[in-house]
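Thanks for coming. I have one structure to go through today, and I will keep it short.

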Amino acid sequence: MPYLTTLPLDGETTLHRKRTLPQASSDPDPKPVGSHPTSGGLVAKVRQSGRVRTFLAVLVAAVLAATIGWGVVELGFYLPGVSWPFRIWTTVCWAVFALGLVLLRRVPAKHVAAVVLVGAALIGGAAIVGPPNTSTDSARYAWDGIVQGHGVSPYAHTPNSKATESLRPEWLFPSTVTESDGSVGCTPGRTVKTRDYGTKTVICTQINRPSVNTIYPATAELYFAAVRFVVPTDAQYWPLQAGGLVISLGITVGLVLVLRRRRLDVRWAALWAWCPLVASEAVTNSHVDVLAAGLAFLATALVATNRRWTGGLALGAAIATKLIPVIAAPALLRRQPLKVIAASLAAFLLLYVPYIIGTGPKVLGFLPGYLSEEGYDDGNRFALVHWFAPGELAAPAAVLILLIVAVIVWRVTDPANPWLGQLVMIGATLLVLSPRYPWYALLLIPFVAMTGRWEWLTIAMALSARQFFLYGGTRPLTLLVALVIIVAVSIHRSGPGWQGRMRDTASREWHALLPSRRRPLGAPEPAE
């Protein structure tokens, strides 16, 4: 009796028996149906096919890991004048990543979690084989951790202050060199030249902005101190890279567990675990944004399971890591918002208490100057908004857009399933604020994975492109392309009749906000 084999997109293999009319057999010793002479061979082939598909997915993950490791070791530190090698390398990494996602769809379901985790370990391990290659922010992290280990607040002094001269390690403050014209300089690359506040002599350092106080909030500073506490002062970049790897793998495990608990496709976890931007910015360049992303993911998972007090604590810790996770709040406030708000404020303030006691108002650090430096005070930084609201109109227009998005997310997000609301709120913020740096997308990617909405990764790709293509129109153009792709794919996902559903939802929410239609205090909330 012949069989037909089907291979669905989710990787499961199903055997369907083809119906035929019974026929007389001339075999004097007919075999029972279960012992069909071809069935065993077919099942063996199917099983072998599943193993082959699993092997191919792991192989592509290993190729991606090797490509990342090669670039980290061979390309050195990125300088604007030598962009092409980084452009090609980054493009190849994203292409291999896309191929890996396609092959992962064909892996049998029972092997998917293991393949995702093995790939994450390979890719993350490859990202740690060399020093940071596109950013020197982790040098500041290391310095802040080192001074805290000696009982000095990171907010109290600038890195070039005479007060902390005795704490400067050689690897963070290398010796000066004599230039060809006889002047005193520094080795080109990741090193910058500054002057000692006390003696005014030239000093070299790998810390960017060495003449200003640190910008990082309390949770970040506690993390820096904890990482540097367990290693010697002469340990260079690898401790924070190892910390980024551990957090990144922890997020991967969390994604697998939450996706499985919600009976969603575990393959989606690879959108985070195998993403080249995660390998580069969370591990190689060890940006603290990965900690903020992990805490925001944890807060959302807790609130979604009705643990609002602990979810609020995690959200407060996330905000005290990089401030921008405050945009994760609207999707978590649909039900019993006071619990989340109170817990978040309590966590935020308690984390700052040690630094406020020791440093006072200096805990603001360089934040006001940073916002001005990035162009947010005059509107130049809002790449997309600047097109229709130029100059000083850009900032208020951006605030208005984000307020509207926040209200919509707050109103329509399902309290038990806030993942899509988080994706929309964070993605919209990145499109509106259009930051110069790709590591801000780390906050977005866990929610891309939790929803399976791969199209939102185009925002991360747009921010990465801006890093290596420094032309004036690159950032608004790439973000516009990302926005078009997101809208087009979202409409396709919605299916026919999406306009009517949007109108119905907008009408219902508008009438719910009108004073005459508000529910009386204490009245039950209508079913959603």
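Predicted model: local features only at pLDDT ≥ 70, side-chain atom pairs only at ≥ 80, totals over all residues.

The chain has 528 residues, and 49% of them are buried. There are 19 helices and six strands. Of the contacts between residues at least 6 apart in sequence, 73% join residues at least 24 apart. The chain exposes about 25,600 Å², with carbon and sulfur atoms supplying 66% of that.

Now the salt bridges. The count is five, and I will go through some of them.

Aspartate 196 pairs with arginine 168, at 3.1 Å from N to O. The aspartate sits in the loop between strands 5 and 6, and the arginine in the loop between helix 4 and strand 3, so the bridge ties together parts 28 residues apart in sequence.

Next, aspartate 289 and lysine 322, at 2.9 Å. This pair links helix 9 to helix 10, across 33 residues. Aspartate 289 is buried at 5% relative accessible area, and lysine 322 also counts as buried, at 16%.

Then glutamate 455 and arginine 493, again a salt bridge, at 2.9 Å. Glutamate 455 is buried, at 0%; arginine 493 is partly exposed, at 38%.

Helix 18 comes up again in the patch. Which residues make the nonpolar surface patch of about 650 Å²? They are Trp387, Phe388, Leu480, Leu483, Val484, Val487 and Ile491. Helix 18 gives the most, five residues, and helix 13 supplies at least two. Isoleucine 491, in helix 18, is partly exposed at 32%.

Conventions:
Residues numbered from 1 in each chain as written. Heavy atoms only, no water. Patch = residues over 30% accessible without salt bridge, like charges linked within 9 Å, V, L, I, M, F, W, Y side chains within 5 Å. Areas by Shrake-Rupley, 256 points an atom, 1.4 Å probe, with all protein chains shown as cover. Salt bridge = Lys/Arg side-chain N within 4 Å of Asp/Glu carboxyl O. Helix = DSSP H or I, 4+ residues; strand = E, 2+ residues; numbered from the N terminus. Buried < 20%, exposed > 50% of the residue type's maximum accessible area, 1.4 Å probe, protein only. Contact = heavy atoms within 4.5 Å.
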